[in-house]
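Please keep the sequence and the coordinates open while reading.

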Amino acid sequence: MKVVGMLMVSALLALASSFATAYDPSPLQDFCVGINDADSAVVVNGKLCKNPSFATPGDFSYSGLNVPGNTSTQLRAHVNLITADLMPGLNTLGVSLARIDFEPNGGLNPPHYHPRASEVLLVLEGTLYAGFVTSNPDHRLFSKILKPGDLFVFPFGLVHFQMNVGKTPAVAIAALTSQNPGVNTVANAIFGANWPINPEVLTTAFHLDKKLVEDLQSQEWVNPS
């Protein structure tokens, strides 16, 4: 019985380990340039990849992050996220990059989280107020005013934000630990869900008046991209 018990424990540990490493696994080859044409691809490491013999330098490069994004939006900010969809050579490498532009005096990348990535933010221009909130039960806020050259890290899966508190435009670069980090903007998910969440749920959860909840649900919720 002891042997059986040890085997069961070992199996559970192995299963837990497989869950812990289930996202963006380490590649088993030099690269896997993503491709949609099955006739010109080979399957390597479980992915549909361009035949390495046909890979080009263009698969591993992207031009355009020097161009400011359109910040004429409700949030007065714009996120240009570069994933494997725009830069095929990122496929299976577990990284992506974003440029974030903010208008002066309040341009906002609103509270959101990445379900598949941690993030490191580098401020290039302007002054940003950035922070994240820890999970239950503490909900601790870690925040800081960032200047050009400053870095700030947002841990995996935690709600975080950035806002331009300066009088000039701000620019930041974000590096994320997934080729497809995903993003879930908190307000959009709660008040802009499709179909709408029952107002009674939100009234109780957020201690809000039902009319206010219904008004929030009737508004247009946009993403900073």
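Ala 98 has a relative accessible area of 3%, so this residue counts as buried. The model is a predicted one, and Ala 98 is found in its strand β4. What surrounds this alanine, apart from neighbours within four places in sequence? Its contacts are Val 79, Asn 80 and Leu 81, together with Ala 172, Ile 173 and Ala 174. For Leu 81 the C-alpha to C-alpha distance to Ala 98 is 4.1 Å, although 17 residues separate the two in sequence.

The chain as a whole has four helices and 12 strands. Of its 225 residues, 33% are buried. Among contacts with a separation of 6 or more, 67% are between residues 24 or more positions apart.

The largest nonpolar core has 17 residues, and those with the most contacts inside it are Ile 100, Phe 102, Leu 121, Leu 128, Leu 146 and Phe 154. Two or more residues of this core come from each of β3 (77-82), β4 (96-102), β6 (119-125), β7 (128-133), β9 and β11 (170-176). Phe 154 shows how such a residue is surrounded. Leaving aside neighbours within four places in sequence, Phe 154 is in contact with Ser 118, Glu 119 and Leu 121, with Ala 130, Gly 131 and Phe 132, and with His 160, Phe 161 and Gln 162.

Charged pairs come next. How many salt bridges does a search of the whole structure find? The search finds four. One of them joins Asp 101 to Arg 99, with the closest N and O atoms 2.8 Å apart, and both of these residues are buried. Another joins Asp 59 to Lys 50 at a closest N to O distance of 3.0 Å. Asp 59 has 8% relative accessibility and therefore counts as buried. Lys 50 is also buried, because its relative accessible area is 17% and the cut-off for buried is under 20%.

In the salt bridge between Glu 103 and Arg 76, the closest N and O atoms are 3.1 Å apart. Glu 103 counts as partly exposed because its relative accessibility is 23%. Arg 76, with a relative accessible area of 26%, is partly exposed too.

Helix α3 (residues 199-206) has a buried side. Its buried residues are Pro 199, Leu 202 and Thr 203. They cover an arc of only 105° around the axis, so they are on the same side of α3. The cover over these buried residues includes α2 (186-191) and α4 (210-218). On the face turned away from the buried side, α3 carries the exposed residues Thr 204 and Ala 205.

The surface remains. The protein chain exposes about 13400 Å², and carbon and sulfur atoms supply 61% of this area. Which residues form a nonpolar patch there? Val 120, Leu 151 and Val 153 do, with about 260 Å² of accessible area together. Leu 151 is placed in strand β9 (residues 151-154). Its relative accessibility is 57%, so Leu 151 counts as exposed.

Methods. Residues are numbered from 1 along each chain as its sequence is written. This is a predicted model: local features need pLDDT of at least 70, side-chain atom pairs count only at pLDDT 80 or more; totals for chains, interfaces and linings use all residues. Side-chain values use heavy atoms; hydrogens and water are left out. Patches are made of residues with over 30% relative accessible area and no salt bridge: like charges are joined within 9 Å, nonpolar side chains (Val, Leu, Ile, Met, Phe, Trp, Tyr) within 5 Å. Accessible areas come from the Shrake-Rupley method with a 1.4 Å probe; for residues, only the protein chains shown count as cover. A salt bridge is a side-chain nitrogen of Lys or Arg within 4 Å of a carboxyl oxygen of Asp or Glu. Buried means under 20% relative accessible area, exposed over 50%, partly exposed in between (1.4 Å probe, protein chains only). A nonpolar core is a set of buried Ala, Val, Leu, Ile, Met, Phe, Trp, Tyr and Cys residues joined through side-chain atoms within 4.5 Å. Contact means heavy atoms within 4.5 Å. The arc is that of the directions from the helix axis to the C-beta atoms.
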